[in-house]
Amino acid sequence: MDTSRTTSSRRLFAATGLLLALLTACDAAQPAPPPSIVLIVVDSLHAAHVSSHGYARPTTPNFDRFAAGGVQFSRAYSQSSWTLPSTASLFTGLTQEQHALRTFDDRLPADVPTIAEHLKRAGYRTRAVIQTPVLASRHGLSRGFERYQLFDHSHESVERALELAREHWEEAAERPLFLYVHLAPPHMPYQPPAPFAARFGDEHPEVSGSIADCRRIHRAKLAPDTPQVRSLVARYDEHVAFADACVGRLLANFERDARGRAAWMVWTSDHGEAFLQHGSQGHNATVYEEMLHVPLAFAALNLPLAPRRVNGVVSTLDVAPTLLALCGLPPLNGAGLSLQPTLLHGAALAERTLFFSSRYKPDAGVLHCAVRRGDFKLAQLGPSGPLELYDLRADPQERVNLAAERGELALELAELLARERSAARVSEAHAGLAAEDREQLAELGYAGD
């Protein structure tokens with residue numbers, strides 16, 4: 001037996017083992033890669049039409065499962081009642097009076113940072129898949145996105161948008177991903193494809209959910225419980241179910257192709273939808289609950305998160321600071337708060353004051369605003385409109401104006417409204433909306449009454 005060769009072999013194996021041990025130790029010492037982020041927005045989804053919020057129809061089985069596996073906020077509010085300013089608030093953590101992106105003619109000021117810019121600087125791949133012309137890049141919300149793909153609002157484009165979102169998720173890359181997906185449904189027209197069409201009955205068959213139907217019913221100022229309005233609600237609910245199924249398929253693909261990737265996921269909406277509760281159909285017009293109350297849920301992929309339901313009042317302003325905190329990144333300076341302590345540790349939410357505003361309808365330059373503190377909300381439609389004070393716990397439908405009865409509280413909250421209005425930033429950047437752009441927007445109901 002050649003003992004010298006045996007000894008050399010043992011030394012080689014020992015050295016190899018030591019090297020492997022050192023490499024393993026080095027790998028273990030490497031910090032885990034930052035988590036990816038998926039932010040999903042379905043347009044115009046009023047929380048009252050979500051099954052897990054107590055709605056009678058089975059509209060959102062996929063959202064319900066998503067929320068049940070994560071943290072659902074049952075009282076979440078958009079800052080504004082239509083897409084452009086509310087998305088700017090979602091991206092910046094600022095109210096529309098602070099970020100100054102209020103109308104179709106505005107552009108986000110260059111000195112207002114967005115979550116996409118923050119994440120890009122931190123090394124994230126930033127991708128946006130958007131199915132609405134309302135968020136065209138001329139408004140400045142594409143800043144920070146390496147790819148910002150816009151689709152039209154057709155059902156065929158839903159599939160193309162979903163496929164592109166899947167491609168972005170499946171990209172082999174060493175950098176984490178920030179993926180923003182904004183789907184048009186259930187935005188009007190409420191006309192989903194089969195098998196969702198007519199799923200919830202045809203009480204008034206001539207109501208198809210078209211833009212013309214929506215305008216006719218809005219102008220007629222029908223009561224919410226009339227057959228025409230109930231049929232329009234059924235068409236909307238069918239569109240909600242279609243949107244829910246689309247996102248459900250997308251999430252199933254993400255989970256199947258996760259490959260061990262850690263990710264934070266958010267599912268929400270940009271605003272609600274009204275059905276004549278206060279004389280308006282659709283959105284853009286006011287700051288009542290039906291236009292502001294939205295679903296909001298956080299879920300985790302390959303990350304620890306204890307499922308729970310949170311009943312405290314939160315805002316979509318909080319989404320950006322929360323995601324940045326979850327990824328260990330510096331916050332945005334805005335009105336939004338990080339919900340990380342509540343998400344990860346179940347910390348109670350402190351009572352806060354939220355400000356809401358809309359400038360789109362009936363006059364783009366007229367500010368419709370509201371402020372909520374605790375269970376009380378004060379609204380004022382237009383600069384000279386009467387003060388409307390509601391106790392949302394006792395009167396969630398906002399039917400009983402308590403401004404005269406609770407005059408001292410109404411005046412106190414009115415001072416807060418005046419303070420927000422006086423601090424509004426003047427818009428200095430313009431988007432340059434062309435005639436073709438206005439035609440596209442009119443197809444989605446952004447014209448006339």
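Two strands pair if DSSP finds at least two bridges between them. Helices (H or I, at least four residues) and strands (E, at least two) are DSSP runs, numbered from the N terminus. By that count the protein has 13 helices and 14 strands.

This is a predicted model: local features need pLDDT of at least 70, side-chain atom pairs count only at pLDDT 80 or more, and totals for chains, interfaces and linings use all residues. Residues are numbered from 1 along each chain as its sequence is written, and side-chain values use heavy atoms, with hydrogens and water left out.

**Overall**

- Of the 449 residues, 57% count as buried. Buried means under 20% relative accessible area, exposed over 50%, and partly exposed in between (1.4 Å probe, protein chains only).
- Take the contacts with a separation of 6 or more: residues 24 or more positions apart account for 70% of them. Contact means heavy atoms within 4.5 Å.

**The β11–β14 sheet**

- Four strands form an open sheet in the order β11-β12-β13-β14, with antiparallel pairing.
- β11 (353–358) and β14 (388–391) are the edge strands, and each pairs on one side only.
- Neighbouring strands are turned by 15° against each other on average, direction ignored. Axes are lines fitted to C-alpha atoms, for helices over the stretch in contact, and angles run from 0 to 180 degrees between N-to-C directions.
- β11 and β12 run antiparallel and are joined by six bridges. F355 has V371 in β12 as its bridge partner.
- Five of the six residues of β11 are buried, so the strand is mostly covered.
- β12 (residues 368–373) and β13 (residues 376–381) also pair in the antiparallel sense, over six bridges. Here A370 has A379 in β13 as its bridge partner.
- Helix α12 (residues 407–422) packs on this sheet and touches β11, β12, β13 and β14. The direction of α12 makes about 125° with that of β12.

**The α7/α8 pair**

- Two packed helices are described by the angle between their axes and the distance between the axes.
- The axes of α7 (residues 211–220) and α8 (residues 227–256) come within 11 Å and cross at roughly 140°.
- α7 and α8 are therefore oblique to each other. Angles under 35 degrees count as roughly parallel, over 145 as roughly antiparallel, 65 to 115 as roughly perpendicular and the rest as oblique.
- D213, C214 and I217 in α7 meet Q228, V229 and L232 in α8. These contact residues divide into four nonpolar, one polar and one charged. Ala, Val, Leu, Ile, Met, Phe, Trp, Tyr, Cys and Pro count as nonpolar, Asp, Glu, Lys and Arg as charged, and the others, Gly among them, as polar.

**A buried loop residue: L135**

- L135 lies in the loop between β3 (125–130) and β4 (147–150). L135 counts as buried because its relative accessibility is 0%.
- Beyond residues up to four places away in sequence, L135 touches several others, including T83, L84, Y148, L150 and H182.
- L135 and L150 are 15 residues apart in sequence and 8.2 Å apart in space, C-alpha to C-alpha.

**Backbone points to check**

- A cis peptide bond joins M188 and P189, with omega about 0°. Another cis peptide bond joins A194 and P195, with omega about 5°.
- P189 is in the loop between β5 (177–183) and α7, and P195 is in the loop between β5 and α7.
- L276, not a glycine, has a positive phi near 70°. L276 counts as buried at 4% relative accessibility.
- E398, also not a glycine, has a positive phi of about 55°. E398 sits in the loop between β14 and α12 and counts as buried at 2% relative accessibility.
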